[in-house]
Amino acid sequence: MKTIIEPFRIKTVEAIRMTTRQERKRLLEAAHYNLFLLKSEDVIIDLLTDSGTSAMSAEQWSAIMRGDESYAGSPSFFRFESAVQHLMPFKHIIPTHQGRAAEAILFSVLGGSGKRIPSNTHFDTTRGNIEASGARADDLVIQEGLDPKADHLFKGNIDLERLEAYLQNHGSTVPCVMITITNNAGGGQPASLENIRAAAEISRRYSKPFIIDGCRFAENAYFIKAREPGFSDAPIEDIIRETFACADGMTMSAKKDAFANIGGWLALNDDELAEQARTRLIQTEGFPTYGGLAGRDLDAISQGLKEIVDEHYLAYRIRTNEYLGERLDALGIPIVKPTGGHAVFIDARAWLDHIPPLEYPGQAVATALYEVGGIRACEIGTVMFGRVPDGSEAPAAMDLVRLAMPRRVYTQSHIDYVTEVFEELATIREELIGYKIVEEPKVLRHFTAKFEPLAIAS
Ligand code: F0G
């Protein structure tokens with residue numbers, strides 16, 4: 001059959017509150033044109049993030065009832081540990097309340113001033129945690145990964161030559177090498193198993209632990225199966241195990257590819273590092289058998305990890321983004337190609353070429369999407385990354401708008417509606433205007449900054 005159906009039936013539903021364009025215009029103004037400041041009830045289709053927004057299955061809700069809330073030694077922990085180790089063969093599995101907590105613990109142990117940590121592209125919380133420790137975070141993604149138009153099957157690959165040179169030049173200050181799969185900040189693009197293995201091999205030669213940020217590991221594995229020579233017949237679970245077998249550790253947000261609404265973990269092979277991490281965990285998260293989570297959350301994750309490897313689900317998942325991408329492409333809207341695993345990224349800088357980067361073309365697209373159709377998306381560009389450490393402002397590498405798909409939440413007609421909103425936007429593209437920031441915090445400004453449309457501000 002040509003039609004890839006949503007491979008689930010819907011048993012419980014949440015009503016969407018419909019709003020009018022007039023109403024949304026007012027709500028947008030009241031939220032200072034920052035979509036993070038909207039109430040989610042005022043959003044029709046929420047594509048702000050795929051993180052923690054998954055629909056849980058009946059089996060996961062059942063597992064939640066099985067959750068055991070003992071402070072220490074809960075069976076929920078042991079089910080969680082074995083579900084993780086089934087896919088990711090690490091010795092120490094340390095639960096955390098979400099991915100960034102795993103990062104904070106890892107870099108409290110490995111970071112510190114004078115150190116530097118390379119990756120394909122660090123996600124913003126990873127970068128934040130590295131920098132908070134006093135270390136430096138460097139992105140070494142391949143050149144194609146920075147070009148929205150470049151057609152490359154693995155745009156999330158790390159540049160192996162640059163990695164080698166980096167380790168040669170800065171070796172003594174590098175505590176570990178990382179890779180993010182899929183590469184969220186670069187468009188949800190996968191890294192190939194060949195590239196992951198080669199990066200691990202280079203790291204090993206320089207005696208550096210190789211750490212995978214594995215938030216979207218199953219989507220990455222599906223891309224490997226679909227695109228990398230030699231893997232078309234390989235079971236997804238085997239690809240996942242091979243991916244992690246070459247690493248020394250991982251950080252994970254279970255809010256992505258574990259279908260959980262909260263949770264994460266840090267996994268390590270090294271006993272001494274793990275002991276230091278657990279000490280830190282007890283100080284900041286909780287006892288090592290719950291790590292900031294309820295026992296029931298651990299059970300939701302264990303069950304989610306069994307479901308995420310279903311190839312019918314992954315085919316539907318990847319196809320959803322492809323489907324939306326194809327329709328936007330047909331409308332002449334520039335997107336990052338090929339479409340990523342968890343999201344479609346609009347190249348706002350190219351689309352709204354009348355708005356310079358420092359007037360935030362991404363913010364203009366995101367606010368227009370909300371006003372016209374009640375769709376909430378996320379600017380990933382100069383608003384998010386434009387404030388540089390010395391306090392000045394510079395255009396980010398790209399001005400993207402991310403339409404992130406929550407897992408198992410929306411159906412094809414929701415996606416068709418999103419397409420229709422873009423169709424309308426395409427007719428008013430030239431009328432869209434830039435923004436200025438009128439108030440912002442010192443770090444992570446995109447979450448709380450207040451904006452004004454430039455025509456009104458000037
Ligand atoms: N690493 C990557 C690649 C991520 O995408 C995220 C979160 C994290 C780490 C941190 O995990 O949220 O559980 O603390 N990304 C979300 C997003 C927030 O919208 O892309 P967390």
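**Exercise 1. Find the salt bridge that the side chains of D257 and R407 form, and give its N to O distance.**

Solution. The side chains of D257 and R407 meet in a salt bridge with an N to O distance of 3.0 Å. The term stands for a side-chain nitrogen of Lys or Arg within 4 Å of a carboxyl oxygen of Asp or Glu. The model is predicted: local features need pLDDT of at least 70, side-chain atom pairs count only at pLDDT 80 or more, and totals for chains, interfaces and linings use all residues. Residues are numbered from 1 along each chain as its sequence is written, and side-chain values use heavy atoms, with hydrogens and water left out.

**Exercise 2. Describe the division of the protein into domain 1 and domain 2, and the area buried between them.**

Solution.
- Step 1, bounds. Domain 1 covers 21–50 + 311–457, and domain 2 covers 58–307; such bounds come from an automatic or database domain assignment.
- Step 2, separation. Between the C-alpha centres of domain 1 and domain 2 there are 27 Å.
- Step 3, contact. Counting heavy atoms within 4.5 Å as contact, 24 residues of domain 1 touch 29 residues of domain 2.
- Step 4, area. About 2400 Å² is buried between domain 1 and domain 2, and carbon and sulfur atoms give 57% of this area. Buried area is the accessible area (1.4 Å probe) that two parts lose on being put together, summed over both.

**Exercise 3. Count the polar links between domain 1 and domain 2, then state which elements supply the side of domain 1 that touches domain 2.**

Solution.
- Step 1, salt bridges. Six salt bridges are counted between domain 1 and domain 2.
- Step 2, polar contacts. There are 15 residue pairs in polar contact between domain 1 and domain 2, both residues at pLDDT 80 or more. A polar contact is a pair of N or O atoms within 3.5 Å; within protein, one must be able to donate a hydrogen and the other to accept it, and residues adjacent in sequence count only if both atoms are side-chain atoms.
- Step 3, elements. On the side of domain 1 that touches domain 2, at least two residues each come from α12 (311–330), β9 (343–347) and α15 (382–385). The largest share, six residues, is that of α12. Helices (H or I, at least four residues) and strands (E, at least two) are DSSP runs, numbered from the N terminus.

**Exercise 4. Identify the residues closest to the ligand and give the distance from R100 to an oxygen atom of the ligand.**

Solution.
- Step 1, surroundings. The ligand is surrounded by 17 residues, each with a heavy atom within 4 Å of it; the closest are T49, R100, D213, S253 and K256.
- Step 2, oxygen atoms. A polar side-chain atom of R100 is 2.6 Å from a ligand oxygen, and a side-chain N or O atom of R216 is 2.9 Å from a ligand oxygen.
- Step 3, nitrogen. The side chain of K256 has an N or O atom 3.0 Å from a nitrogen atom of the ligand.

**Exercise 5. Locate the cis peptide bond between I181 and T182 and the one from K337 to P338.**

Solution.
- Step 1. I181 and T182 are joined by a cis peptide bond with omega about -15°. T182 sits in the loop between β5 (177–180) and α7 (193–205).
- Step 2. The bond from K337 to P338 is cis, with omega near -10°. P338 belongs to the loop between α12 and β9.
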